[in-house]
Amino acid sequence: MNVLDRGISFEIPNEYGNWLGKILKPINGANCNWLVGEGTEIVGGSGEEWGNDALGNLDGLTLQKHLRRSDYYVIFADLKAFPSDEPAVDIASYEEFQSSSCEFVILIVDSVYVIIYAKDPTKLEALYQNALENKVRNLERIRADNDARSRFSVW
């Protein structure tokens, strides 16, 4: 990873599974406070829905418990990770991300399009390598010159 890299983007299969857990495997999310943003919608294998109304702000261990479920379907996901001693607050743009204590932003749109921003180049490289191992489609690095996203939102 280059220090100019902001994040990565890729596509995952449009199917039930535990893709969020697979995507976040290289991150020690248990040590984070997570903001589950507006629009997050995830359907469990038995039909139960969970999203920002059901989850809200979560400690890392609670989020990991949800992500280890064997079957769920991510329709939209807006997750932002903060150090465990920091409050989880909404981050609306890359500039706000850079000036905040937020460490990761994970967005999933329309069940297949994944966008991840990370401040730490080593962790971003681990996320990139993990995406390769999971054989995702259209894996790309996000840099200032190809980052068309103006808002960190799934809407």
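Is Ser111 buried or exposed? I looked this up before anything else. Ser111 is buried, at a relative accessible area of 8%; buried stands for under 20% relative accessible area, exposed for over 50% and partly exposed for what lies in between, with a 1.4 Å probe and protein chains only.

I note the ground rules here. The model is predicted, so local features need pLDDT of at least 70 and side-chain atom pairs count only at pLDDT 80 or more, while totals for chains, interfaces and linings use all residues. Residues are numbered from 1 along each chain as its sequence is written, and side-chain values use heavy atoms, with hydrogens and water left out.

**Positive phi**

I went on with the backbone of Ser111. Its phi is positive, about 70°, although Ser111 is not a glycine. Ser111 lies in the loop between S7 and S8; helices (H or I, at least four residues) and strands (E, at least two) are DSSP runs, numbered from the N terminus. Lys135 is also a residue other than glycine with a positive phi, near 55°. I found Lys135 in the loop between H5 and strand S9 (137–143). Lys135 has 71% relative accessibility and therefore counts as exposed. For background, most residues other than glycine have a negative phi.

**Cores**

Next I looked up the nonpolar cores, meaning sets of buried Ala, Val, Leu, Ile, Met, Phe, Trp, Tyr and Cys residues joined through side-chain atoms within 4.5 Å. The largest one has 33 residues, and Phe10 and Leu20 touch the most other members. At least two residues of this core come from each of S1 (5–11), H1 (19–23), S2 (32–36), H3 (60–67), S6 (72–83), S7 (104–109), S8 (113–118) and H5 (121–133). S6 gives the largest share, five residues.

I listed the contacts of Phe10 (heavy atoms within 4.5 Å). Not counting residues up to four places away in sequence, Phe10 touches Ile23, Val112, Tyr113, Val114, Ile116, Ala131, Val136, Arg137, Asn138 and Leu139. Another core, of 16 residues, lies apart from the largest one; Tyr94, Val109, Ile142 and Phe152 are among its members.

**Ile42**

I then checked Ile42, which is in strand S3 (residues 41–44). Ile42 is buried, with a relative accessible area of 3%. Leaving aside neighbours within four places in sequence, Ile42 is in contact with Leu20, Glu48, Glu49, Trp50, Tyr72, Tyr73, Val74 and Phe76.

**Rings**

How many aromatic pairs does a search of the whole structure find? I got six. Rings of Phe, Tyr and Trp (its six-membered ring) pair if their centres lie within 6.5 Å; planes under 30 degrees apart count as stacked, over 60 as edge-to-face and the rest as tilted.

I wrote down the pair of Tyr16 and Tyr73: the ring centres are 5.4 Å apart and the planes at 35°, so the pair is tilted. Tyr16 lies in the loop between S1 and H1 and Tyr73 in strand S6, so this pair ties together parts that are 57 residues apart in sequence. Tyr16 counts as partly exposed because its relative accessibility is 41%.

Tyr94 and Tyr117 also form a tilted pair, with 5.9 Å centre to centre and 45° between the planes. Tyr94 is in helix H4 (residues 94–99) and Tyr117 in strand S8, so the parts tied together are 23 residues apart in sequence. I have Tyr94 as buried at 16% relative accessibility and Tyr117 as buried at 0%. One aromatic cluster is formed by Tyr94, Phe97, Tyr117 and Phe152.

I also looked for charges over rings (NZ of Lys or CZ of Arg within 6 Å of the ring centre and within 35 degrees of the ring normal). The charged end of Lys22 sits over the ring of Trp19, 4.5 Å from its centre. That of Arg141 sits over the ring of Tyr128, 3.9 Å from the centre.

**Two loop serines**

Ser93 lies in the loop between S6 and H4. Ser93 counts as buried because its relative accessibility is 13%. Not counting residues up to four places away in sequence, Ser93 touches Ser150 and Phe152.

I finished with Ser100, in the loop between H4 and S7. A polar atom of its side chain lies 3.0 Å from the backbone oxygen of Phe97. The side chain of Ser100 also reaches the backbone nitrogen of Cys102 at 3.0 Å.

Notes
Polar contact = N/O pair within 3.5 Å; in protein donor to acceptor, adjacent residues only side chain to side chain.
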